[in-house]
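Let's work through some exercises on charged side chains. Grab a pencil and try each task before you read its solution.

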Amino acid sequence: MNYKKESPDSKTNTSPSEQAAMSSLEGYQGLYSGCRDKPTITSDSSDVHELTKQPLQGLKLASHVVLDSAQQRGRLKCSKCGGSRMFFCYTCCSLVGVGMQEIPVIKLPVKIDIIKHPNETDGKSTAVHAKILASNDVTMYTYPCIPEYEKDKVVLVFPGPGAVSVQDMIQCLRDRSKNRSEDPFDEPCVKRLKTEGQTSTDVASDQLKTPDEANTSDSKVYPLQRVVFIDSTWNQTNKISTDERLQGLLQVELKLRKTCFWRTQKGKPDTYLATIEAIYYFLKDFHQHCLLQEYTGEYDNLLFFYSYLHSLVNKAKTLKGKC
């Protein structure tokens with residue numbers, strides 16, 4: 001995908017600091033053209049409400065002071081690969097010029113896998129934001145490297161004829177799990193209940209929990225263990241989504257939301273989301289409809305980098321009379 005870079009003459013109406021900002025963002029010009037969820041029309045009136053809301057408004061974000069300072073210093077070399085980077089290295093998934101203690105660290109309620117298309121340029125992907133901000137809960141793979149998934153414990157966030165809503169996702173997984181447990185040729189139920197690193201003693205202990213102990217976040221979302229996202233331009237998703245290792249996974253479709261990406265794909269609606277947006281909105285719906293808890297900004301900081309880059313670009317465009 002081609003993105004027009006500003007010529008030196010076109011920057012004469014901006015201040016030196018804004019010129020530096022735009023220069024530092026050149027590597028991010030295509031950053032948000034990654035995996036975008038195909039929009040579908042639903043009858044849920046809440047979709048209309050979501051579409052009328054102003055994006056990135058009212059978020060509970062950590063202070064951006066550290067990013068302001070890093071932006072003023074300019075690009076630095078990544079200590080691992082030597083690449084010239086701003087804020088973080090999208091190749092190494094590591095911070096550059098910013099310390100881990102200076103950015104928010106987010107604990108997610110479910111593990112997330114991101115399958116990246118091999119032709120998707122690292123610098124154009126927002127998936128790295130999730131990996132850096134929630135490193136303990138996010139794993140990235142480059143296709144064709146895909147793990148073998150248990151079909152009744154993992155969902156794929158991707159639209160399709162059989163896709164279900166986040167609200168219906170858990171019950172659909174439970175129905176699948178029940179059908180498998182009734183299959184005489186299927187593996188024993190206790191064996192299938194084991195998670196990675198869990199012993200038979202752990203399983204027995206789980207089964208002996210009192211009703212109060214069982215009424216936890218884990219029990220509310222059982223048997224879900226992992227959520228898979230595809231990081232790719234829409235035209236490249238077919239190769240990954242049709243891979244046999246993802247076939248049979250329950251597909252989940254997000255409600256309509258507007259993207260905040262400042263350079264939308266030509267001919268595509270503004271309801272095509274960047275990868276980090278898709279992850280954020282999934283978790284927000286998951287928190288409300290699956291954990292059954294009021295959402296109070298628990299995952300807003302997943303947009304920590306995204307919102308800052310968004311504001312930088314919009315500010316520079318405003319000073320240049322482009323909006």
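**Salt bridges, step by step**

A search of the whole structure turns up seven salt bridges (a side-chain nitrogen of Lys or Arg within 4 Å of a carboxyl oxygen of Asp or Glu). Keep in mind that this is a predicted model, where local features need pLDDT of at least 70, side-chain atom pairs count only at pLDDT 80 or more, and totals for chains, interfaces and linings use all residues. Residues are numbered from 1 along each chain as its sequence is written, and side-chain values use heavy atoms, with hydrogens and water left out.

**Exercise 1.** Find out which parts the pair of aspartate 137 and lysine 107 ties together.

*Solution.* Start with the contact: these two side chains form a salt bridge at 3.3 Å, N to O. (Helices, H or I, at least four residues, and strands, E, at least two, are DSSP runs numbered from the N terminus.) Finally, Lys107, Lys111 and Asp137 belong to a network of salt bridges.

**Exercise 2.** Is aspartate 137 buried or exposed, and what about lysine 107?

*Solution.* First, the cut-offs: buried is under 20% relative accessible area, exposed is over 50%, and partly exposed is in between (1.4 Å probe, protein chains only). Aspartate 137 has 3%, so call it buried. Lysine 107 has 60%, so that one is exposed.
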